[in-house]
Amino acid sequence: MKRDTLDEIYKSYMDEVYRYLLFLCRNHYLAEDVMQETFYRAYLHLEDCPEERVKPWLFRVAHNAFVDIQRKDTRNHTKAHDYFERLTDGVSAEDEAIKKEGLTELTTLICNLPGKQQEAILLYDFHGFSYDQSAEIMDVKVGYFKVLLFRARQKIRQERGV
């Protein structure tokens, strides 16, 4: 068969080959890739095919291309599809840099606070202690601790311009 008839073969059987491959792999993009590989292989070996058996031959080429890709995928399978998403917890490098920059700024602002206000912010906001626990650690009354925490937060807001 002549190679210039590949366009005619493609137009005639493209939809059927695609549906066949879509059924096999159940993935639109993979089916398109395998279909492209199928017609590439058909182009390379078209002269070996008798004209009356083009359709079965083309489906056999599609099946073989699909099997080859499946074999290649099993050899190259390294991690689950969501491995890299789980690795970063969905946070991009840019988000991480912005977060780090904000944390550096916040650390500087906290360091500029008076000692008891620093301690109040650290105990309550960073370490997660309750008002009672924080007041007990600082050896102050709960009411005074709340005042320290309020004033510390207020100074930080003023410095940030919020």
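How many residues does α2 have, and what distance does α2 reach from its first C-alpha to its last? Helix α2 has 18 residues and reaches 26 Å, close to the 26 Å expected at 1.5 Å a residue (the expected span being 1.5 Å times one less than the number of residues). The model is a predicted one, in which local features need pLDDT of at least 70, side-chain atom pairs count only at pLDDT 80 or more, and totals for chains, interfaces and linings use all residues. Residues are numbered from 1 along each chain as its sequence is written, and side-chain values use heavy atoms, leaving out hydrogens and water.

The protein holds 8 helices and 0 strands, taken as DSSP runs numbered from the N terminus (helices H or I, at least four residues; strands E, at least two). Of its 162 residues, 25% count as buried, where buried means under 20% relative accessible area, exposed over 50% and partly exposed in between (1.4 Å probe, protein chains only).

Turning to α2 itself, the buried residues are L30, A31, V34, M35, T38, F39 and A42. Down the helix axis these residues fall within an arc of 165°, so they line one face of α2; the arc is that of the directions from the axis to the C-beta atoms. An α-helix has 3.6 residues a turn, so residues three or four places apart point the same way. On the other side of α2, Y29 and Q36 are exposed.

Helix α2 (residues 28-45) also contains Y43, which is partly exposed, with a relative accessible area of 38%.
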